[in-house]
Structure formats: structure tokens, C-alpha cells
Amino acid sequence: MQSLLVRECREKDIGDILKIEKESFSDCWRKETLEKELSLPFSYFLVAEVNKEVVGYLISWIIDEVCELNRIAVSKRFRGKGVGKKLITSLINFCISLVIDAFNSAFITAVPDTKISKSSA
């Protein structure tokens with residue numbers, strides 16, 4: 001894939017993230033919710049971009065020695081191309097750099113009402 005970059009989210013990315021939210025979830029987060037997440041001191045908010053286009057994002061909370069993944073989504077056009085994997089890998093590497101044992105603290109809760117899970121059922 002052409003130049004996939006993962007970086008911290010900026011306020012200007014919120015519009016692109018909202019588009020991905022709408023195509024990914026039946027319970028879309030509102031602009032205000034995303035802006036609040038961006039401002040929380042314990043929130044670690046990443047975006048993935050290809051050629052300066054935001055194509056995915058990840059929102060997690062890091063509190064003490066626990067990292068909780070709250071939201072992850074990838075644009076339909078870029079699904080199945082390793083974007084989600086790159087976002088998760090970036091989160092794990094960040095946790096390791098903070099001396100958080102990501103593998104002992106990680107757990108996954110499936111969210112059955114996403115458009116993805118409905119379409120693949």
C-alpha cells in the first residue's frame with residue numbers, strides 16, 4: 001500500500017473521522033464526543049493516513065498500567081489492506097514504550113451492532 005502513516009490525531013481530522021464513523025457504525029459518535037476524546041489527557045487517539053487522506057483511526061485510554069481500546073475503524077475503501085493492523089501495532093508499541101505490558105492488560109470486547117459485523121453475519 002502507498003505510504004501508510006500512523007500519527008496522533010489533530011482537531012482538523014475530526015471531519016474525516018466522522019465520515020468513517022458513519023460508514024462503520026450504526027451508533028456513530030458525534031463530533032462533540034470525538035472532540036472531547038481528543039482533549040482527554042489519558043486518551044491516545046491515532047489516525048492512519050494514505051497520501052494525506054485519513055483512512056482509519058483508533059481511540060484508546062491509557063490509565064495507570066492499563067490500555068483500553070475504545071474505538072477503531074477503517075474506511076471501506078481501505079479495509080483488508082492492513083490499516084487496522086498498523087493502528088493496533090502502533091498502539092501496542094506505544095504501550096510497550098510506556099512499560100505497559102500490553103499483552104497482560106489487553107482484552108477485546110466484540111461490538112455486535114457494527115455495520116461490519118451485521119454484513120458479515
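The model described here is a predicted one.

β1 and β2 are antiparallel and are paired over 5 bridges. Valine 6 has alanine 48 in β2 as its bridge partner. Alanine 48 in turn stands opposite glycine 56 in β3. β2 (residues 43–50) and β3 (residues 53–63) are joined by 8 bridges, again with the strands running antiparallel. Phenylalanine 45 stands opposite isoleucine 59 of β3.

**Strand β2 and its two faces**

β2 is mostly covered, with 8 of its 8 residues buried. Ser43, Phe45, Val47 and Glu49 point one way from the strand, while Tyr44, Leu46, Ala48 and Val50 point the other way. Residues on both sides of β2 are buried.

Serine 43 lies in β2. Its relative accessibility is 15%, and because buried means under 20%, serine 43 counts as buried. The side chain of serine 43 reaches the backbone oxygen of glutamate 37 at 3.0 Å. With neighbours within four places in sequence left aside, serine 43 is in contact with Glu37, Ile59, Ser60 and Trp61.

**The turn between β2 and β3**

The hairpin of β2 and β3 has 2 residues between the strands. Asparagine 51 is placed in this loop, and its phi is near 50°, a positive value in a residue other than glycine. Lysine 52 also lies in the loop between β2 and β3. The phi of lysine 52 is near 70°, likewise positive in a residue that is not glycine. Which side of the burial scale does lysine 52 fall on, buried or exposed? Lysine 52 is exposed, with a relative accessible area of 76%.

**Aromatic pairs**

The count of aromatic pairs comes to 3. One of them is formed by tyrosine 44 and phenylalanine 94, whose rings are stacked at 3.9 Å centre to centre with 10° between the planes. This pair links distant parts of the chain: tyrosine 44 is in strand β2 and phenylalanine 94 is in helix α3 (residues 83–97), 50 residues apart. Tyrosine 44 counts as buried at 11% relative accessibility, whereas phenylalanine 94 is partly exposed at 26%.

Phenylalanine 45 and tyrosine 57 form another pair, with ring centres 6.4 Å apart and planes at 50°, so this pair is tilted. Phenylalanine 45 lies in β2 and tyrosine 57 in β3, so the pair ties together parts that are 12 residues apart in sequence. Phenylalanine 45 is buried, with a relative accessible area of 4%, and tyrosine 57 is buried at 0%.

The relative accessible areas of the residues in these two pairs are listed here.

| Residue | Relative accessible area | Class |
|---|---|---|
| Tyrosine 44 | 11% | buried |
| Phenylalanine 94 | 26% | partly exposed |
| Phenylalanine 45 | 4% | buried |
| Tyrosine 57 | 0% | buried |

**Charges over rings**

Where does the charged end of arginine 71 sit? The charged end of arginine 71 sits over the ring of phenylalanine 25, 3.7 Å from the ring centre. For lysine 81, the charged end sits over the ring of phenylalanine 78, at 5.7 Å from the centre of that ring.

On one side of the strand, tyrosine 44 points the way of Leu46, Ala48 and Val50, and the ring of tyrosine 44 is stacked with that of phenylalanine 94. On the other side, phenylalanine 45 points the way of Ser43, Val47 and Glu49, and its ring forms the tilted pair with tyrosine 57.

Notes
Residues are numbered from 1 along each chain as its sequence is written. This is a predicted model: local features need pLDDT of at least 70, side-chain atom pairs count only at pLDDT 80 or more; totals for chains, interfaces and linings use all residues. Side-chain values use heavy atoms; hydrogens and water are left out. Two strands pair if DSSP finds at least two bridges between them. Helices (H or I, at least four residues) and strands (E, at least two) are DSSP runs, numbered from the N terminus. Rings of Phe, Tyr and Trp (its six-membered ring) pair if their centres lie within 6.5 Å; planes under 30 degrees apart count as stacked, over 60 as edge-to-face and the rest as tilted. Buried means under 20% relative accessible area, exposed over 50%, partly exposed in between (1.4 Å probe, protein chains only). A charge sits over a ring if NZ of Lys or CZ of Arg is within 6 Å of the ring centre and within 35 degrees of the ring normal. A polar contact is a pair of N or O atoms within 3.5 Å; within protein, one must be able to donate a hydrogen and the other to accept it, and residues adjacent in sequence count only if both atoms are side-chain atoms. Contact means heavy atoms within 4.5 Å.
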